[in-house]
Amino acid sequence: MTYAFYRDEWHGTLGEGAFGASLPRALAVVRDRVFPADPAGDPGAYSRAACAAVDVDAAYGGSAAAIASVTTGTVSMSFGDGSSRRADMVRAVDSELAGTPLAFKGLG
């Protein structure tokens, strides 16, 4: 998965820095979804799934850790635990993997 593929084939709009910041989290989700399949079974689908996950991660700000809460004096605000980001990334990845040999097969 390269920035060139993201920019030229996927037509992604992120800069190379933002792409690079989101790529490790994106690849982690894609690897989780394709296991135990071999990504070589459909490298195009694997790359498209990674691009979709990169875009979702970047939409959430692209930072490694989501802010869960902020407290100032007696005021406290909670923002969730970051599970929405992962769920949205999984949906994006699964939509790119559907109908390919890489689609998650589950256990058993």
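Close-up 1. Asp57 is buried, at 0% relative accessible area. Buried means under 20% relative accessible area, exposed over 50%, and partly exposed in between (1.4 Å probe, protein chains only). The model is predicted: local features need pLDDT of at least 70, side-chain atom pairs count only at pLDDT 80 or more, and totals for chains, interfaces and linings use all residues. Residues are numbered from 1 along each chain as its sequence is written, and side-chain values use heavy atoms, with hydrogens and water left out. Asp57 forms a salt bridge with Arg25, 3.0 Å from N to O. Asp57 sits in helix α3 (residues 43-59) and Arg25 in helix α2 (residues 16-34), so the pair ties together parts 32 residues apart in sequence. A salt bridge is a side-chain nitrogen of Lys or Arg within 4 Å of a carboxyl oxygen of Asp or Glu. Helices (H or I, at least four residues) and strands (E, at least two) are DSSP runs, numbered from the N terminus. Arg25, Asp57 and Arg85 are linked in a network of salt bridges.

Close-up 2. Side chains of opposite charge can pair when their charged atoms come close. The salt-bridge count is seven. One of them joins Asp32 and Arg86, with the closest N and O atoms 3.1 Å apart. Asp32 belongs to α2 and Arg86 to α4 (residues 83-97), so this pair ties together parts 54 residues apart in sequence. Asp32 is partly exposed at 45% relative accessibility. Arg86 is also partly exposed, at 38%. Another salt bridge joins Asp94 and Arg33, the closest N and O atoms being 2.8 Å apart. Asp94 in α4 and Arg33 in α2 are 61 residues apart, and the pair links distant parts of the chain. Asp94 is partly exposed at 27%.

**Close-up 3. Helix α3 and its buried residues.** The 17 residues of α3 should span 24 Å at 1.5 Å a residue, and the end C-alpha atoms are 24 Å apart, which agrees. The expected span is 1.5 Å times one less than the number of residues. Buried residues of α3 include Ala45, Tyr46, Ser47, Ala49, Cys51, Val54 and Val56. Gly61 follows α3 and has a positive phi, near 105 degrees.

**Close-up 4. The largest nonpolar core.** A nonpolar core is a set of buried Ala, Val, Leu, Ile, Met, Phe, Trp, Tyr and Cys residues joined through side-chain atoms within 4.5 Å. The largest has 26 residues, and Tyr6, Val30, Val54, Val93, Leu97 and Leu102 touch the most other members. Helices α1 (3-9), α2, α3 and α4 each supply at least two residues of this core. The largest share, nine residues, comes from α3. Val30 is in contact with Tyr46, Ala49, Ala50, Ala53 and Val93, leaving aside its neighbours within four places in sequence. Contact means heavy atoms within 4.5 Å.

**Close-up 5. The aromatic cluster of Tyr3, Tyr6 and Phe19****.** The count of aromatic pairs is three. Tyr3 and Phe19 pair edge-to-face, 5.4 Å centre to centre, with 65 degrees between the planes. Tyr3 in α1 and Phe19 in α2 are 16 residues apart. Tyr3 is buried at 16% relative accessibility, and Phe19 is buried at 4%. Tyr6 and Phe19 form a tilted pair, 5.1 Å centre to centre, with 35 degrees between the planes. Rings of Phe, Tyr and Trp (its six-membered ring) pair if their centres lie within 6.5 Å; planes under 30 degrees apart count as stacked, over 60 as edge-to-face and the rest as tilted.
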